[in-house]
Amino acid sequence: MDEHKTYNKWITIEDGCELPDDWEGVIVAARTRTKIEKAIYIDGKFLLLHGSHAICPKKYMRIDVSDIDREKDGFTYEK
């Protein structure tokens, strides 16, 4: 895990704030009952993963999953 990045904390988007890496997935607060949405940061814009709409979030969060084994702990598809 990169020790220079902020993980598992809401980061307020303002001048000089830490921004995600290009193509990094993050979560943002949603205007729906689910409370969060998945977004990706591309070319200086946040895009929702469903529908690819550009958004202007006020906060975002990186999630640290470095201690999760994707093979053992990741999801599977229902049969």
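**Ground rules**

I am working with a predicted model, where local features need pLDDT of at least 70 and side-chain atom pairs count only at pLDDT 80 or more, while totals for chains, interfaces and linings use all residues. I number residues from 1 along each chain as its sequence is written, and my side-chain values use heavy atoms, with hydrogens and water left out.

**Overall layout**

I listed one helix and six strands in the protein. Both kinds of element are DSSP runs numbered from the N terminus: helices are H or I with at least four residues, strands are E with at least two. Reading along the sequence, I get the pattern β-β-β-β-β-β-α. The C-alpha trace spans about 45 × 30 × 25 Å along its principal axes.

I then asked what share of the 79 residues is buried. Buried residues make up 25% of them. For this I took buried as under 20% relative accessible area, exposed as over 50%, and partly exposed as in between (1.4 Å probe, protein chains only).

**A look inside the sheet**

I followed strand E2 (residues 24-29) to strand E6 (residues 59-61): the two run antiparallel and are joined by two bridges.

**Salt bridges**

How many salt bridges are there? I get three, taking a salt bridge as a side-chain nitrogen of Lys or Arg within 4 Å of a carboxyl oxygen of Asp or Glu.

I began with Lys5 and Asp21, whose side chains meet at 2.2 Å, N to O. This pair links distant parts of the chain, with Lys5 in the segment before E1 and Asp21 in the loop between E1 and E2, 16 residues apart. Lys5 is partly exposed at a relative accessible area of 21%, and Asp21 is partly exposed too, at 37%.

Next I turned to Arg62, which meets Glu18 in a salt bridge of 2.5 Å, N to O. Arg62 lies in the loop between E6 and H1 and Glu18 in the loop between E1 and E2, so the pair ties together parts that are 44 residues apart in sequence. I checked the cover as well: Arg62 is buried, with a relative accessible area of 1%, whereas Glu18 counts as partly exposed at 25%.

Arg62 also meets Glu24 in a salt bridge (2.6 Å, N to O). Here Arg62, in the loop between E6 and H1, is linked to Glu24 in strand E2, 38 residues away. Glu24 counts as buried, at 15% relative accessibility. Through shared partners, salt bridges join Glu18, Glu24 and Arg62 into one network.

**Surface patches**

For patches I took residues with over 30% relative accessible area and no salt bridge, joining like charges within 9 Å and nonpolar side chains (Val, Leu, Ile, Met, Phe, Trp, Tyr) within 5 Å. The areas come from the Shrake-Rupley method with a 1.4 Å probe, and for residues only the protein chains shown count as cover.

Which residues make the nonpolar surface patch? I found Ile63, Val65 and Ile68, making a patch of about 250 Å². Ile68 sits in the loop between E6 and H1 and counts as partly exposed, at 43% relative accessibility.

I also noted a negative surface patch, formed by Asp67, Asp69, Glu71 and Asp73. Asp and Glu count as negative and Lys and Arg as positive, with His and the chain ends not counted; I placed each charge at NZ of Lys, CZ of Arg, CG of Asp or CD of Glu. Asp73 belongs to helix H1 (residues 70-73) and is partly exposed, at 49%.

Asn8, in the segment before E1, has a positive phi of about 60° although it is not a glycine. I have Asn8 down as partly exposed, at 44% relative accessibility.

Lys35 is another non-glycine residue with a positive phi, near 80°. I located Lys35 in the loop between E2 and strand E3 (36-42), where Lys35 is exposed, with a relative accessible area of 58%.

Terms used: Pairing = 2+ DSSP bridges.
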